[in-house]
Amino acid sequence: MVDTPVIGIIGLGNMGMPMATNLVQAGYEVYGFDVNAKAELEFAAVGGKTGLTVAEVVQKTDVILTSLPSPDIVESVFTGLDGILEHARAGQTVVDTSTVTPQLNERLARASQAKGIGYLAAPVSGGVVGAKNRTLTIMVGGPKELYDSVYPVFMALGQNIFHVGERVDSGTAVKLINNLLIGFYTSAVSEGVALAKQMGLDLDLLFDILNVSYGQSRIYERNYKSFIAPNDFAPHFSLNLLLKDLRIAQEMAQQSGLSLPITAELLAIYEQSQEAGFGEQDMAALYAYICQSQSAVQS
């Protein structure tokens, strides 16, 4: 890899856009692609280069990052006729920052290796705020030598960079465990705040008290301050995306021979909230679903 690589980013969504912007601001030449033309216009306005196909982005860059919403989309972007692997050249590096299955990490790593392309699975945590503020946690699985070569790029994106292991799916395993815990915390916050509301408590005071007690958590602070208190559930990380990650975490556990009985119950709650129409809202909207369900029971 060249000393100052040209970067390509496939996916300019809630996470990809701020990451791409930060790379431009860090002095990299960055080509961006998104199926949403408006996103490309927004990226061009901050100095990114757009208007190209995935194939053209791959051909013009040295390091390609992907930030995509589902395993199926990631696989098609990598393996499609106009995709990354069809047009990449030996010596390039591809870094997938999406949250996908460990099995997909392994398939893409093998396919990349067959073409002489470096592949790292590097899911991120920290949300949109972390992406904007360059405070992301990045969990990287893959060859240490390749990780070291891409490390300066990671440093332009986050503050907490971890090489989890040589196994390409090792960072993904950590990310799925992280999001499994987020699923539990979000459910606990939603039910706890709904109970407090039912009891007639001052929810702001409740937050102040629990924030200096063992009930404190980053998810409580995030979900309450940014979404529940202002009653605005515009998505930063949608309930649909969290549900997707919870399903993958459960699948990972099953394939490793571990039963997670409470996770099964948790999945049912999120699936019910999705069926009730809350899937496109932020994951904190689980609170609104619980309150709505309670109102339906009482009426």
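Angles under 35 degrees count as roughly parallel, over 145 as roughly antiparallel, 65 to 115 as roughly perpendicular and the rest as oblique. The model is predicted: local features need pLDDT of at least 70, side-chain atom pairs count only at pLDDT 80 or more, and totals for chains, interfaces and linings use all residues. Residues are numbered from 1 along each chain as its sequence is written, and side-chain values use heavy atoms, without hydrogens or water.

**View A. Helix 12 packs on helix 13.** Helix 12 spans residues 239-255, and helix 13 spans residues 261-278. Helices are DSSP runs (H or I, at least four residues), numbered from the N terminus. The two axes lie 10 Å apart, at an angle of about 150 degrees. Axes are lines fitted to C-alpha atoms over the stretch in contact, and angles run from 0 to 180 degrees between N-to-C directions. Helix 12 and helix 13 are therefore roughly antiparallel. Their crossing is left-handed (the near helix is turned anticlockwise from the far one by less than a right angle; clockwise is right-handed). Helix 12 brings residues including Leu-239, Leu-243, Leu-246 and Arg-247 to the contact. Among the residues from helix 13 are Leu-267, Tyr-270, Glu-271 and Phe-278. Contact means heavy atoms within 4.5 Å. The contact residues divide into 9 nonpolar, 5 polar and 2 charged. Ala, Val, Leu, Ile, Met, Phe, Trp, Tyr, Cys and Pro count as nonpolar, Asp, Glu, Lys and Arg as charged, and the others, Gly among them, as polar.

**View B. Helix 10 meets helix 11.** Helix 10 covers residues 203-210, and helix 11 covers 218-228. Their axes come within 11 Å and cross at roughly 160 degrees. This pair is therefore roughly antiparallel. The crossing is left-handed. Leu-203, Asp-204, Leu-206, Phe-207 and Leu-210 of helix 10 face Tyr-220, Glu-221, Tyr-224 and Lys-225 of helix 11 in the contact. That contact has 6 nonpolar, no polar and 3 charged residues.

**View C. Helix 1 packs on helix 2.** Helix 1 runs over 16-25, and helix 2 over 37-45. The angle is about 25 degrees, and the axes are 10 Å apart. Helix 1 is therefore roughly parallel to helix 2. Helix 1 passes helix 2 in a right-handed crossing. Met-17, Ala-20, Thr-21 and Val-24 of helix 1 meet Ala-39, Glu-42 and Phe-43 of helix 2. By class, 5 are nonpolar, 1 is polar and 1 is charged.

**View D. The second largest pocket has a lining of 14 residues.** A pocket is an open set of points on a 1 Å grid over the protein atoms alone, where a 1.4 Å probe fits, with protein on both sides within 12 Å along at least five of seven lines; lining residues have an atom within 4 Å of a point. Leu-12, Gly-13, Asn-14, Met-17 and Glu-42 lie nearest the centre. Helix 1, helix 2 and helix 7 (127-133) each supply at least two lining residues. Helix 2 gives the largest share, 3 residues. The lining has 6 nonpolar, 4 polar and 4 charged residues.
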